[in-house]
Amino acid sequence: MNKKDIKAILMSMRTSENDAMINKLLGKIDMIDDIVLQNAVEQVGGTKEDVRAFWEKKISGKRYDKTEKHIPINDMFFYGISENNIHLHLPVDLHQMISQKGISRTIDIVNLYLLDAIDRLKALKDEGYYKFQGKTGIYMISPLLAGRERKFLENLDFSTRIYKKKELNNEEFLKENIEAKLATDVFGKGKQVGVASIKFDTISSEEWQEKKQQVIKDLESKGITLNEKKSVEK
């Protein structure tokens, strides 16, 4: 297997999420001595399938490493850097809130905090925060992203996708879908997982801001506020 073959495997795995990483890896392959490269191929197994599995593990590992260190952006959401995107993460245990507020109201509270987190991230980017330079959007992975929550996000122009348990338990499917592989790295294979993303260009538009403000007004009309989570913790 020569450099051209190895690079072809790597390029076939390119997505919008890993584009920058793929380019870096392709550059590294060009610089590696042919004998050293062949030895490396033999060490991972020698076949195209083995090489692909190696790249999948390497790419997924790097992406996950870059989103492990999360920083709080408000009382519910944390963020990390994930390639060209800012990765939003909800590590909060919602069981207490659900027991006190019910599922419907809890989802409304999470959604209000989500919009607050987006506002804060946008403000940091607009202010020129150096870690956000070159970041094009916001990206989320969550086992909660289904049904009503998915509809809420799509109404706000998020792109969404649901990976079912059957898909996440299919090794061949995971080999072809780096995003799905990342979902299993984060949440395991026992849960249906949803992903959602939105571009900063969309968030910055006057139309989207007006739509967001109307959603906030609708939530506030039901008595949903950013202080409601704190009342649960007292």
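Student: Which residues in H6 meet which ones in H12?

Tutor: From H6, Asp108, Leu112, Leu115, Ile118, Asp119 and Lys122 meet Trp208, Gln209, Lys212, Val215, Ile216 and Leu219 of H12. Contact here means heavy atoms within 4.5 Å. By class, that contact has seven nonpolar, one polar and four charged residues. Nonpolar covers Ala, Val, Leu, Ile, Met, Phe, Trp, Tyr, Cys and Pro, charged covers Asp, Glu, Lys and Arg, and the others, Gly among them, are polar.

Student: What's behind these values, and how's the numbering done?

Tutor: It's a predicted model, where local features need pLDDT of at least 70 and side-chain atom pairs count only at pLDDT 80 or more, while totals for chains, interfaces and linings use all residues. Residues are numbered from 1 along each chain as its sequence is written, and side-chain values use heavy atoms, with hydrogens and water left out.

Student: OK, at what angle do the axes of H6 and H12 cross?

Tutor: Roughly 145°, and the axes of H6 (residues 103–126) and H12 (residues 206–221) come within 10 Å. Axes are lines fitted to C-alpha atoms, for helices over the stretch in contact, with angles from 0 to 180 degrees between N-to-C directions. Helices are DSSP runs of H or I with at least four residues, strands are E runs of at least two, and both are numbered from the N terminus.

Student: Left-handed or right-handed crossing?

Tutor: H6 and H12 cross left-handed: the near helix is turned anticlockwise from the far one by less than a right angle, whereas clockwise would be right-handed.

Student: Switching topic: how many salt bridges does the structure hold?

Tutor: Six, where a salt bridge is a side-chain nitrogen of Lys or Arg within 4 Å of a carboxyl oxygen of Asp or Glu. One of them joins Asp108 and Lys222 at 2.9 Å, N to O. Asp108 is in H6 and Lys222 in the loop between H12 and H13 (228–233), 114 residues apart.

Student: Is Asp108 buried or exposed?

Tutor: Asp108 counts as buried because its relative accessibility is 6%, whereas Lys222, at 44%, counts as partly exposed. Buried is under 20% relative accessible area, exposed is over 50% and partly exposed is in between (1.4 Å probe, protein chains only).

Student: And which residue forms a salt bridge with Lys211?

Tutor: Asp157, with the closest N and O atoms 3.0 Å apart. Lys211 sits in H12 and Asp157 in the loop between H7 and strand S5 (159–163), so this pair ties together parts 54 residues apart in sequence. Lys211 is partly exposed at 27%, and Asp157 is partly exposed at 36%.
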